[in-house]
Amino acid sequence: MATNNAVVEKSDLAQLATDVLSKALQAGASDAEVVISEGDEFSTLVRLGQVETLKESGSRALGLHVYFGQRSATTSTSDFSAEGVERLVHGAVELARVTSEDPYSGLPDASEFGSAPGDQGLYFDDVYSLPVEERIAMARRAEEAALSVDTRMQNSDGANFDVATGLKVLANSRGFVGEYRRSYCGFSVAPIAQDGNGMQRDWWYTNARTLKNLESPEEVGREAARRTLRRLGARRVPTQRATVVFSPEIARSIMGNVLAAADGDAIYRSASFFNGMLEKEVAGSNITIIDDGTLILPGGVGGFGTTPFDGEGLPTRRKAIVERGVLKNYLLNTYTARKLNMHSTGNASRGLAGAAGIGAGNFYLEPGTLTPEQLIGEVQSGLYVTETMGFGVNLVTGDYSQGASGLWIENGELAYPVEEITIAGNLKEMYRNISGIANDLVFRSAGACPTIRVEGMMIAGA
Amino acid sequence: MTAPTAHGDNFQTPDHKRYFYEKLGVTDRLIERCLGEALAAGGDYADLYFEAVTSTSIGVDESLVKTASQGVSVGCGVRVFSGERTGYAYTDDLSPERLLRAAHTAALIANGPNKQSVAGFQETKTPSLYPVTGASVDAETAAKLELVMRADRTARAFDSRIIQVRATYADELRRILVVGSDGVYASDTQPLARLNVFVIAKEGDNVARGTSGGGGRLTLENFQSGEKTPERFAREAARQAVLQLGAVAAPAGEMEVVLGPGWPGVLLHEAVGHGLEADFNRKKTSAFAGLIGQKVASSKVTVVDNGRMENRRGSLNVDDEGNATQETVLIENGILKGYLSDKLSARLMGIASTGSGRRESYRHIPMPRMTNTYMLSGEDAPEDIIRSVKRGLYAVNFGGGQVDITNGKFVFSASEAYLIEDGKVTAPVKGATLVGNGPEALKYVSMVGNDLALDEGIGTCGKDGQSVPVGVGMPTIKLDKMTVGGTGQ
């Protein structure tokens with residue numbers, strides 16, 4: 001069912017991209033890059049069994065980056081008319097006049113262009129095959145399953161069913177033209193539980209590039225209910241230093257900070273606590289973190305962070321960011337690679353507006369051998385974190401302070417729910433103090449992590 | 001149907017709708033046909049939201065103008081109500097064919113014969129809270145460039161330990177035209193500008209960041225001189241970074257907390273504002289549901305949401321559903337007074353709309369949202385408030401906050417804070433997250449300063465994936481207890 005993303009004949013949009021490139025060059029640009037994105041979205045929200053919203057639409061937009069030697073500027077538009085394109089080109093040319101000569105700016109060398117080979121399994125045309133009524137029914141079933149688990153499941157924020165497909169085209173004046181299509185479908189449910197102590201909300205979801213890989217609505221609903229019910233009666237704990245076990249969702253965010261700290265843009269600015277740490281030890285020897293923009297999951301379905309080429313037309317690739325505790329790679333695009341006198345790692349990201357940024361593909365922490373229960377079982381007294389809140393992560397210093405909720409661990413067992421507390425430490429130390437990694441690695445989004453256990457974090461509470 | 005004209009008693013009122021008719025080909029007949037199509041399947045109500053946004057941005061980085069960008073986005077969203085159901089579709093192509101197709105798609109939320117007629121439009125009377133700038137963005141590029149260069153020079157001159165400076169000036173002009181089948185007809189032109197400075201300070205192995213910025217519904221001239229100059233924001237960012245070089249670990253645990261004036265008002269936004277948005281209360285999913293008339297704060301606390309302040313980032317002449325904005329009292333002397341409502345929640349809850357229906361763009365369904373949310377001044381002198389604290393935290397700048405509407409738990413993350421020891425402000429501490437419970441936290445407000453200030457105008461609020469510009473404000477206040485999430489004991 002997957003269609004090959006090695007497009008032989010150029011689509012209309014790829015043709016439009018090349019036309020815009022020619023116009024930019026005619027207007028005097030020495031180089032230019034065009035990105036076009038086109039997408040469709042469908043979403044529905046069902047709440048307490050009734051349809052609340054139905055949304056269905058499509059849109060497209062065009063972004064242009066022009067170079068005049070080493071000056072550059074970008075423009076974007078949703079107006080594809082001849083007049084709209086004219087304005088886009090004219091605007092970029094005018095803007096580029098005021099920017100500075102930047103010796104590091106410019107398109108990649110043509111020899112670096114390329115696409116990952118073969119079918120990456122990014123697009124499946126079955127995502128829209130389900131009639132709207134059946135999509136609504138799936139959301140309804142997920143919500144029903146959640147609310148029928150227990151009499152304390154009394155309310156709901158509803159259940160969503162979402163579908164999206166998109167086409168991305170990238171073309172530049174040094175000869176790169178590429179495009180790929182991606183599909184997405186998924187549903188989620190956010191039930192609310194209530195008892196004498198108050199209300200709690202949590203949620204669960206399933207998503208995939210093809211309908212075939214969605215979990216059953218009943219499974220998702222029951223899991224959402226389990227997550228919600230376990231929060232009822234949450235209390236605070238006293239301020240103390242303790243072991244903290246992070247659920248896969250929160251571990252993913254903590255390991256995501258490794259990728260952010262290894263971002264070449266932060267590195268060349270000295271704005272990262274990983275600055276100058278390449279080939280040095282930044283974590284315990286049990287830590288290996290991979291970034292893989294080419295990941296294909298079992299069944300031939302591409303990961304959510306998989307693309308054939310990056311935002312500048314370089315092939316995506318797999319590399320270790322941290323290998324057995326040693327920082328092995330920064331995440332680089334062409335600009336930051338030149339600044340650091342290195343080579344791009346194929347991690348350029350490209351939105352419609354602005355110059356290329358940096359983004360990870362699919363990243364993951366290599367799993368260990370213990371089950372999550374074993375990891376928790378070794379903790380006498382500590383915290384199992386299922387949610388963090390806030391903006392208390394400082395990538396310049398590594399300082400970490402977040403609101404948290406979860407369950408208290410007593411004698412190796414999850415004992416009672418806790419909330420309205422904070423956890424704090426410094427990421428530099430946290431990465432060295434990971435005393436256990438579980439075996440529960442599952443890809444539910446572009447990043448994935450198993451459960452991890454961190455020693456000696458500060459918990460502030462009552 | 002004919003489009004209503006602006007009220008004749010004020011010839012200065014700009015004709016915001018003209019742009020859509022003259023530049024984008026919108027006609028009265030087209031609006032009428034689209035609303036008719038949107039109601040063709042039996043919907044109770046339909047509206048069209050036309051939007052045209054032009055945005056520009058210019059940035060200096062390492063003393064080079066590395067980035068300059070410009071964007072244009074035009075589209076229309078069509079919404080249909082059928083009982084509690086909402087159908088929505090949008091198009092970025094304003095041709096009659098595409099608009100009618102979007103209307104047809106949205107219409108399918110209903111299932112029955114057409115029962116509504118569309119007639120009798122009345123233009124919403126709106127104030128003029130902000131300037132209407134021209135569209136000659138190109139001509140201003142040089143002047144914007146000068147602003148960011150001034151920021152760069154000032155930050156570098158502030159201290160030799162400042163090693164990196166980035167400054168960005170970004171603005172947009174958003175034009176909207178909203179027409180509802182209930183006769184609402186409104187248009188507006190909304191400028192929005194901001195200047196941001198980001199710096200890194202380094203001393204030996206010690207590195208720290210500092211950020212500052214300001215903005216509002218302003219134009220370029222407002223940044224060239226006066227209160228919002230690049231020099232002021234650059235010095236402020238540099239001062240914070242240098243200060244952080246010497247910061248000690250923040251304390252951990254429950255303690256007395258003094259919040260400075262202005263941006264710390266994000267506390268109100270998180271602790272009470274979101275919980276009072278009517279959609280959560282209609283669904284009874286908010287920790288504040290059913291608490292109207294109850295005491296939720298100390299009697300010294302009065303909190304309002306005010307969309308009608310001149311030039312403020314959160315202000316709007318008219319909301320995104322065509323209703324006039326207003327000042328809404330949320331908490332008065334500690335008693336919970338009201339909710340922030342949009343059209344749907346007002347209809348379904350049988351309450352008045354507070355003009356709080358906002359959306360990120362034509363691609364988004366409106367929701368009840370805040371505008372400028374702040375606490376009114378009290379009677380205490382800020383110095384007396386500090387003096388009253390034996391051991392606590394004095395937090396003056398925040399990075400942002402978040403709330404769980406259902407259990408009321410909120411956090412907000414301090415980016416500049418100090419210890420208070422024996423009534424005196426002492427050492428600067430590292431960033432720390434503060435955590436509390438919305439319906440409880442403000443009960444511990446024991447002192448309220450006489451120094452109400454609003455933030456500098458760079459706040460953005462996210463809800464259900466939609467971002468909108470907002471403002472917050474507060475006088476200096478003292479909370480007798482709050483949990484501070486540092487690493488120190």
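Visitor: Which residues of helix 3 of chain A meet helix 4 of chain A?

Guide: From helix 3 of chain A, M138(A), R141(A), A142(A), A145(A) and A146(A) meet P217(A), E218(A), G221(A), R222(A) and A225(A) of helix 4 of chain A. Contact here means heavy atoms within 4.5 Å, and helices (H or I, at least four residues) and strands (E, at least two) are DSSP runs numbered from the N terminus. The model is a predicted one, in which local features need pLDDT of at least 70 and side-chain atom pairs count only at pLDDT 80 or more, while totals for chains, interfaces and linings use all residues. Residues are numbered from 1 along each chain as its sequence is written, chains are lettered from A and ligands numbered from 1 in the order in which they are written, and side-chain values use heavy atoms, with hydrogens and water left out.

Visitor: What classes of residue make up that contact of helix 3 with helix 4 of chain A?

Guide: The contact of helix 3 with helix 4 of chain A divides into 6 nonpolar residues, 1 polar and 3 charged. Nonpolar covers Ala, Val, Leu, Ile, Met, Phe, Trp, Tyr, Cys and Pro, charged covers Asp, Glu, Lys and Arg, and the others, Gly among them, are polar.

Visitor: At what angle do helix 3 and helix 4 of chain A pack?

Guide: Helix 3 (residues 132-147) and helix 4 (residues 217-229) of chain A pack at about 40 degrees, and their axes are 7 Å apart; axes are lines fitted to C-alpha atoms over the stretch in contact, with angles from 0 to 180 degrees between N-to-C directions.

Visitor: And how do helix 1 and helix 2 of chain A pack?

Guide: Helix 1 (residues 12-26) and helix 2 (residues 82-98) of chain A have axes 10 Å apart and an angle of about 45 degrees. On the helix 1 side V20(A), K23(A) and A24(A) meet V85(A), E86(A), L88(A) and V89(A) of helix 2 of chain A, a contact with 5 nonpolar, no polar and 2 charged residues.

Visitor: Switching to chain B, what angle do helix 4 and helix 6 make?

Guide: Helix 4 (residues 141-158) and helix 6 (residues 230-245) of chain B pack at about 35 degrees with axes 8 Å apart. L147(B), R150(B), A151(B), T154(B), A155(B) and F158(B) of helix 4 of chain B meet helix 6 of chain B at P230(B), E231(B), A234(B), R235(B), A238(B), R239(B) and V242(B), and by class this contact has 8 nonpolar, 1 polar and 4 charged residues.

Visitor: New topic: how many cavities of 30 Å³ or more does a search find?

Guide: The search of the whole structure finds 5 of them. On a 1 Å grid over the protein atoms alone, a cavity is a set of points where a 1.4 Å probe fits but cannot get out, a pocket is an open set with protein on both sides within 12 Å along at least five of seven lines, and lining residues have an atom within 4 Å of a point. Points are joined across faces, edges and corners, and a volume is the space filled by probe spheres set on them.

Visitor: What lies closest to the centre of the largest cavity?

Guide: The largest cavity holds about 90 Å³ of space, and of its 14 lining residues M389(A), A404(A), S405(A), E420(A) and K409(B) are the closest to its centre. Strand 17 (381-389), strand 18 (399-410) and strand 19 (413-426) of chain A and strand 16 (409-421) of chain B each supply at least two lining residues, and the lining of the largest cavity divides into 5 nonpolar, 3 polar and 6 charged.

Visitor: Which residues line the second largest cavity?

Guide: The second largest cavity, of about 70 Å³, has a lining that includes Q200(A), R230(A), R231(A), S405(A) and E419(A). By class that lining has 4 nonpolar, 4 polar and 3 charged residues.

Visitor: How much space lies in the second largest pocket?

Guide: About 1,200 Å³ lies in the second largest pocket, where 50 residues form the lining and V53(B), S55(B), E172(B), E360(B) and R363(B) are the closest to the centre. Strand 2 of chain A gives the largest share of this lining, 6 residues, and the classes are 12 nonpolar, 20 polar and 18 charged.
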